[in-house]
Amino acid sequence: MSQDIYVFIEHVCGKTLDISYMMLAQAQQLAAASGGEVVAILLGHNVAGLASDLGADTVWYVDHPELEDFIWANSLAVLEALLARQSPRLVLFGDTTIGSGLASGLSARLGLPLVGYCRQVFPNGGHFHYISQICGGKMLVEGALPDSTALIAMIPGAFRIEQGKSDEKHSATPVPLDGLDEILARNAQKYIFKGYTEPAAGDVDITREKILVSVGRGIQSEDNLSLAQDLADALEGAVSGSRPIIDQSWLPTSRLVGKSGKTVKPKVYLALGISGAPEHTEAITGADAIIAVNTDPSAPIFNLAKYGVQLDLLDLLPVLTDRVRAEK
Amino acid sequence: MKILVPIQLVPDLVEELVIAQDGKRLDLDATRWIISEFDDHAIEQAILLKEKIGGEVTVIAPDFEGTEDVLYQALAKGADQVVKLSGDFQSELNTHALARLVVHYLQTKSERPDLILTGVQANSSLDGSLGPLLAAYLDLPFVDCVAQTEIEDQKITVRKEYPGGLTADWSVALPVVLGIQAANTPPRYVPISKMRLAMKTGSIATEEVGELDLSGAVDSTRMYTPEADQRAQMIDGDVDQVAEKLVALFKELGVL
Ligand SMILES: Cc1cc2nc3c(=O)[nH]c(=O)nc-3n(C[C@H](O)[C@H](O)[C@H](O)COP(=O)(O)OP(=O)(O)OC[C@H]3O[C@@H](n4cnc5c(N)ncnc54)[C@H](O)[C@@H]3O)c2cc1C
């Protein structure tokens, strides 16, 4: 086994996703401790240019037309073939719409152990330990990784994007794989790509608002949304929401904050009845001030918010809106 | 069309979470177990597809405190068969072991499902997600984070989500495993009368499982609640007092 740390690079529509840089930052730290190298693994078609700013010692590149758009079975097949020849210390994936399923699939295929929801891996007396965040951010779990090859699915939080970028202008090292055409052709019959849809622009661009009045499941019913809208109007801000609110169609997708929605950086982010699941909070860390209103004192949002209020938001909102109006 | 929905129970995060004596895991008895939110969407999507083109929906779940309720709910919603995997899960069941149980269950049946719908993730799984594990063990195609599913002429078209609101549409051949993020419409509400009827007339099949193979996961040494470096500064008082303090805070922050 080598001491190298592999990082699976995620990209969509020709753009590297932020999680990839965060993982590279993590990998650099671990490689420094293990004495190995950071190897970025880039799969795709005509995307060799993406290698240039990756903070890795080596970028392995597999180019194939069938790898142009992400297909789980194709990426899995390539990774299986790659790992059949190498045994790195760790392979890092994003715990994301792309990496999460790949890490699980690879674990099943190769019988390698997997740790998901991982916030951080750190060296500890010659071994590596992991810290994962489960139960919607309410619990942390820690343990020792085996000294053999392990797979990690990482969530954002512990590392910054800039730490994983490099201005050394790397070039990609093509990796030839025997029998690849055959494997990929087999899957081509099974998945037919129909096209991408960009998110609808929507009436409001929540990434540009100074104040976001953001509502979660604690708002309880569609009727109550007007309470949030009233406050947003009074503060000259906009209403955004967590995933359950968008899934119920109480707000349009353009207002979704989080992993599958927008990343926002307002001056003030009012989190009303939002528990603070990692898929939500990863997109609000850039806010100047988060003010959380939640009836549950143990809600994880209070670990991130600058200010907290433990009250029923339905009681607070009308009174607060009146007070704000009175100031004008 | 045969649809299988293997589901998981997860801790109810609204309740207080209690750490077990050994300090490594949740206290299973003190935890209230509910269906994983995304599995609820997977069941809903299965029922929606059945309503559209007919077929048979089977929901299968490991036997936890609360499993029977969840399975009767599934019957009340329109599932045709519900199956409880019964075994000693007290020592902790992980996702790899559950995937192997489901594979084993399928091996004992003469007919394979055309479609396997799983929730995209479960909030307490440390060792990955059920959908891709199943797809890899069964050598089936898989699409994750599916937020829309349509069916026509034995072809499934799914909408997969990417970060930032981008989506991609794929047509996939059956049989396939999908990781459901959201059903086409939110999970339906089950009136008590329907639930009572399901409990009276429906039945839960039980499958005994043998020894669990927990490999694929990594042991934990410690579980604890996050110590925030900087916990929120709490603004105390009744509604009026808090509103007044918030107005002052808005001014201080320069937004009012
Ligand atoms: C792949 C993937 C992508 C995801 N992407 C996103 C995403 O982009 N954005 C996102 O938000 N989520 C996303 N999620 C979902 C995420 O995991 C959580 O399920 C979701 O964020 C929870 O939303 P919530 O906080 O509104 O609801 P809950 O977690 O149910 O929290 C509701 C909160 O309201 C509080 N509350 C209840 N009543 C009141 C009241 N009267 N007054 C005050 N407080 C009250 C409760 O104490 C609780 O803390 C994603 C999940 C997956 C698996």
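Me: In strand 9 of chain B, which residue is the bridge partner of B:Lys160?
Reply: This is a predicted model, in which local features need pLDDT of at least 70 and side-chain atom pairs count only at pLDDT 80 or more, while totals for chains, interfaces and linings use all residues. Residues are numbered from 1 along each chain as its sequence is written, chains are lettered from A and ligands numbered from 1 in the order in which they are written, and side-chain values use heavy atoms, with hydrogens and water left out. Strand 8 and strand 9 (residues 167-173) of chain B pair in the antiparallel sense over seven bridges, where strands are DSSP runs of E of at least two residues, numbered from the N terminus, and pairing requires at least two DSSP bridges. In strand 9 of chain B, the partner of B:Lys160 is B:Ala168.

Me: Which residue in the turn between strand 8 of chain B and strand 9 of chain B has a positive phi?
Reply: These two strands form a hairpin with five residues between them. The residue with a positive phi, of about 80 degrees, is B:Gly164.

Me: Which residue takes a positive phi in the hairpin of strand 7 of chain B and strand 8 of chain B?
Reply: Strand 7 (residues 142-152) and strand 8 (residues 155-161) of chain B run antiparallel and are joined by six bridges. B:Glu152 stands opposite B:Lys155. Two residues lie between the strands, and the one with a positive phi, near 45 degrees, is B:Asp153.

Me: Which strands stand at the edges of the open sheet of six strands?
Reply: The order in this sheet is 14(A)-13(A)-15(A)-16(A)-17(A)-13(B), with parallel pairing. Each edge strand has a single partner strand, so one side of each is left without a neighbour in the sheet. The edge strands are strand 14 (238-241) of chain A and strand 13 of chain B.

Me: What area is buried between chain A and chain B?
Reply: The contact (heavy atoms within 4.5 Å) takes 84 residues from chain A and 84 residues from chain B. Buried area is the accessible area, with a 1.4 Å probe, that two parts lose on being put together, summed over both. Carbon and sulfur atoms give 62% of the total, which is about 7200 Å². 

Me: How far apart are the closest N and O atoms of B:Glu161 and A:Arg243?
Reply: A salt bridge is a side-chain nitrogen of Lys or Arg within 4 Å of a carboxyl oxygen of Asp or Glu. The count between chain A and chain B is seven salt bridges. B:Glu161 and A:Arg243 form a salt bridge, and their closest N and O atoms are separated by 2.6 Å.

Me: Which residue forms a salt bridge with A:Lys138?
Reply: An automatic or database assignment divides chain A into domain 1 (5-188) and domain 2 (206-327). The two domains bury about 580 Å² between them, and A:Gly136, A:Lys138 and A:Pro156 supply 57% of the area on the side of domain 1. The count between these domains is one salt bridge. With closest N and O atoms 3.1 Å apart, the partner of A:Lys138 is A:Asp296.

Terms used: Helices (H or I, at least four residues) and strands (E, at least two) are DSSP runs, numbered from the N terminus.
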